Amino acid sequence: MTASSHLTLITGASRGLGRAMAEQLLQAGHMVLGISRRQEPELAQLAQQAGAELIQWEQDLSDPVAASARLSAWLKTLDSQRFDSVTLINNAGTVGNPAPLASAVGAELSQALRIGLEAPMLLTAAFLGATREWRSARKVLNISSGLGRNAMGSQAPYCAAKAGMDHFSRAVALEEAGAPNGARIVSLAPGIIDTDMQVQLRGASAEKFPDRTRFVSMKEEGRLDSPATAAAKVLKYLAREDFGRNPVADVRDPA
């Protein structure tokens, strides 16, 4: 196996958009660290066929302090001269059970914010700190959502997590702009994707989630990208020369 000169770290790599990105990056020869609740044997088989290196961690992102400490420690074991590029993709998130905030379950609300906002922020901090002296081009790609920019009832935790992701990306972009070999960071809306999250929204209670019919219509009208199609668009944006120029962006933005 040849050593890859590109290292990509992806959260939520076991299904949906995260898995599709992992598959496409492995096929392109990247070394991939997948951080998910479970390992996927099919990804391991794909990596072997592609001659690419895959590491899979079973890691609960609802404990972001432990996850970020593990990431920092692991990155410090690597050769800082090995890679031409190193990228963190914060993809994991959860819509929880759509409902008005007044009827939210405290533990579920807290978990949604830990996974959707705390984990990306802590992992980004660990990543930037551990790779500060690396020679590699460094990037952080946060997978955001239109709901971070346009509010929707019964989705307060998800909207808040994505809005927070957008704004912390803006702040980090300012910090990194003045740093030696500063990282480029983008919080990117990836379009509307037919994933388990969409299935969850379509299956929600119409009483608790009045916008449910919107999601049903998008599916019926064929307006959803497949995970593979969406992953290709996201990775194309990641490879753009102007990546990082706008720290909050949409995959459909013109080059």
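Analyst: Ground rule before we start: two strands pair if DSSP finds at least two bridges between them. Also, this is a predicted model, where local features need pLDDT of at least 70, side-chain atom pairs count only at pLDDT 80 or more, and totals for chains, interfaces and linings use all residues. Residues are numbered from 1 along each chain as its sequence is written, and side-chain values use heavy atoms, with hydrogens and water left out.

User: Then why are S1 and S2 called a pair?

Analyst: S1 (residues 6-11) and S2 have five bridges in the parallel sense; the cut-off is at least two, so they pair. Leu 9 sits opposite Leu 33 in S2. Both names come from DSSP runs, numbered from the N terminus: helices are H or I with at least four residues, strands are E with at least two.

User: What makes S3 and S7 edge strands?

Analyst: Take the order of the open, parallel seven-stranded sheet, S3-S2-S1-S4-S5-S6-S7. S3 (54-58) and S7 (248-250) each have a single partner strand, so one side of each has no neighbour in the sheet. S3's partner is S2, over five parallel bridges, with Leu 54 as the bridge partner of Val 32.

User: How do you know which residues of S2 are covered?

Analyst: Buried means under 20% relative accessible area, exposed over 50%, partly exposed in between, with a 1.4 Å probe and protein chains only. For S2 (residues 31-36), six of six residues come out buried. Met 31, Leu 33 and Ile 35 cover one side, while Val 32, Gly 34 and Ser 36 cover the other.

User: Why say that the buried residues of H2 line one face?

Analyst: Leu 43, Leu 46 and Ala 47 are the buried ones in H2 (residues 41-50). Down the axis they fall within an arc of 100°, so they line one face; the arc is that of the directions from the helix axis to the C-beta atoms. On the other side, Pro 41, Glu 42, Gln 48 and Gln 49 are exposed.

User: What do the buried residues of H2 pack against?

Analyst: H1 (16-27) and S3, where contact means heavy atoms within 4.5 Å.

User: What makes the unit of S2, H2 and S3 right-handed?

Analyst: The test is this: with the strands pointing away from the viewer, the path from the first strand over the helix to the second runs clockwise. S2, H2 and S3 make a right-handed β-α-β unit, and S1, H1 and S2 make a right-handed one too.
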